[in-house]
Structure formats: structure tokens, C-alpha cells
Amino acid sequence: NYPTDGDGIQQYEKRQIAGYNGTLNFDHQQDSHKFHSSFGYGFRYDDVDGSQLNRQQKRTFIEHVQLGDIKELNAFAFWDNNLGFGNGWNLNAALRYDWFRFGYKDRLTNQPVFSYQNRGVVSPKLTLSKDVTKNLKLVASGGIGFHSNDTRVILDRQADDILPRVFGTDIGFNFKPLPKLLLKGALWTLYSEQEFVYVGDAGIIEPGGETRRLGAELSARYQLTNWLFADVDLNYTKARSVGTAKGEDYVPLAPIFTSIGGLSAKTKTGIGGSLRYRTIGNRPANED
């Protein structure tokens, strides 16, 4: 955008965070049926003073691109129920409610007071698992979540879908073929009502429409010795925009292949350490 000065940026903010998490647990057993329930509640409050994105050259300030104060509150409660039927069957059902209060004061427009918008959202989840053998468990789950957005965008756009829903399902397994080897795998889908793309130079977030992701994951944990452990995670994701012409439907910067892993040491003397790697493969820079 600025061929003479360059696109150097400077970011700064002062943030204070307060919060609380609480959980109540209840257990009950009748015959072969085991019940476990949890009720959780809490909040998080962010008070951000002087959130700014500036243009700079050689660390010399040029101008503000974004400058303002943010006050954001997230209060939540959830109810989680786990039921063991016997014969290796287990059902988990959960329900969560989140309430947000977004507030922003734009200093660049000399806005005298904060603008606020409130929104609540309910998120259900259901998981069914089966112990096929002592070493093999199958798991299927589905749930609905949401994608939270930038406070400034919410207040500027006054959009109805400021907390767009995200629908996810997955099927997987936990398998222990050897006493010291654990394998986990899953196939999953994720559909989002709205994809948000951050535009770094302008300091804004643009809505990118509906997206769908298909993925596969595989992880392994192996105990090499009584003090040395190895692990690896492999993840593949296909992310595409919905309702867009093929070849122009890539989601910018969405990873296709990622992997993490390494070696971890834990001795009886309390001395430990790890050597780890992280890699990310090629990914699209824009829609085509």
C-alpha cells in the first residue's frame, strides 16, 4: 500500500484480564449404570486500553491505522452429563451457554463514550463411545459451537451473525496394539456459517462467507524406555468456501498439512526435558 515508506507496522496495547471458573461435580451409580454430572460457571473480562495498529518506518511512528479502547465480558455456564451403560457403552451430553458484552471506543473519531452490543449463544454437544475390546474404543461425536469476532467489527457492522454458528462432527478410535503404544485417529467435518479473514495492513476483519472443512488426524504415543517417550501428530485439512467457483474457493492461509511431535524425558529424580518439532506445509495465500 505504501511503496515509498514500506508496510512496516507497530502494534501496542495495555490489557487487564479478570476471570473465574467454578465446577460442581456429582456422581451416582445404580446397578451397572454410572452417572457423572458437572455444572460449571464463570466469566472473563478484558479491559484493553489503547489497542493500536500504527504505520512506522525504521521504528519511527508515521500515523495510527486503528486506535481505541475495548471492554469485553464473557459470562458462561455449562452442564455436562456422562452416562455409562455397561457393556462398554458410554454417552456424554453437554450444553453450554455463553453471553458476551462487546464494547469499543474509537479514539480516532473522538468517540466520547463506549458503544456496546450484547449477544448470547447456546452450544450443545453429544458423544457416544464403545469399548469394543480392552484395547480398542470407537468414538462418534457432534456439536455446535460459534466463531467469535473482533469487537470493532461487531460494533461497526451491527451484524445479526456476530457469533456465527459452527457445526462439527467426527468419528474416531483409540487403539492400544502394544502395551507401550497408543494410537488415536479421527475423520471430521466442520461447517462455519461465516469465515473471518484478518487484513493486517488495515487492521480489520473481513467476512468471507460460508466455509466447509474436511479433515483426518492420526496421533501416536510410544514409551521407548521407562524414562523416554515419543509422540507424533499428523493432521490433514481440506478447507473450501461454500458457493464459490472451483479453483477460486480456497480459504486464505488455512493450513493443509501440519504435524508436531518429539521426544520427552522424565526421570525419577525429577529432571526432565524434551526435544520437539513443528511443521506446516504449503497453504494458499489467497482464494485461487
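Trainee: What is the volume of the largest cavity?

Mentor: Please keep in mind that this is a predicted model. The largest cavity has a volume of about 50 Å³.

Trainee: And how many cavities of 30 Å³ or more does the structure hold?

Mentor: There are 2 cavities of 30 Å³ or more. The second largest cavity likewise holds about 50 Å³ of space.

Trainee: Which residues line the largest one?

Mentor: The lining of the largest cavity consists of Thr237, Lys238, Ala239, Arg240, Tyr250, Val251, Ala254, Pro255, Ile256 and Pro284. By class, these residues divide into 7 nonpolar, 1 polar and 2 charged.

Trainee: Let us stay with Thr237. Where is it placed, and is it buried or exposed?

Mentor: Thr237 belongs to strand β12, which covers residues 228-241. Thr237 counts as buried because its relative accessible area is 15%, and the cut-off for buried is under 20%.

Trainee: Which residues does Thr237 touch, leaving aside those up to four places away in sequence?

Mentor: With those set aside, Thr237 touches Trp188, Arg213, Leu214, Gly215, Pro255 and Ile256.

Trainee: What lines the second largest cavity?

Mentor: That lining is made up of Asn1, Tyr2, Asp7, Gly8, Ile9, Arg55 and Asp201. Here the division is 2 nonpolar, 2 polar and 3 charged.

Trainee: Turning to the pockets, how much space lies in the largest one?

Mentor: The largest pocket contains about 380 Å³ of space. Its lining has 20 residues, and Glu13, Arg15, Val48, Ile70 and Asp150 are the closest to its centre.

Trainee: Which elements supply that lining?

Mentor: At least two residues each come from β1, β2, β3 and α1 (151-157). The largest share is that of β2, with 6 residues. The lining as a whole divides into 6 nonpolar, 7 polar and 7 charged residues.

Trainee: How do β1 and β2 pair?

Mentor: Strand β1 (residues 9-30) and strand β2 (residues 33-57) pair in the antiparallel sense, over 21 bridges. As one example, Gln10 has Asn54 of β2 as its bridge partner. The two strands form a hairpin with 2 residues between them, and Asp31 in the turn has a positive phi of about 55°.

Trainee: And how does β2 pair with β3?

Mentor: β2 and strand β3 (residues 60-86) are antiparallel as well, with 22 bridges. Tyr45, for instance, is bridged to Leu73 in β3. This hairpin also has 2 residues between its strands, and Lys58 takes a positive phi near 50°.

How values were computed
Residues numbered from 1 in each chain as written. Predicted model: local features only at pLDDT ≥ 70, side-chain atom pairs only at ≥ 80, totals over all residues. Heavy atoms only, no water. 1 Å grid on protein atoms, 1.4 Å probe; cavity = no way out; pocket = protein on both sides within 12 Å on 5 of 7 lines; lining within 4 Å. Points joined across faces, edges and corners; volume = space filled by probe spheres on them. Nonpolar A, V, L, I, M, F, W, Y, C, P; charged D, E, K, R; others polar. Pairing = 2+ DSSP bridges. Helix = DSSP H or I, 4+ residues; strand = E, 2+ residues; numbered from the N terminus. Buried < 20%, exposed > 50% of the residue type's maximum accessible area, 1.4 Å probe, protein only. Contact = heavy atoms within 4.5 Å.
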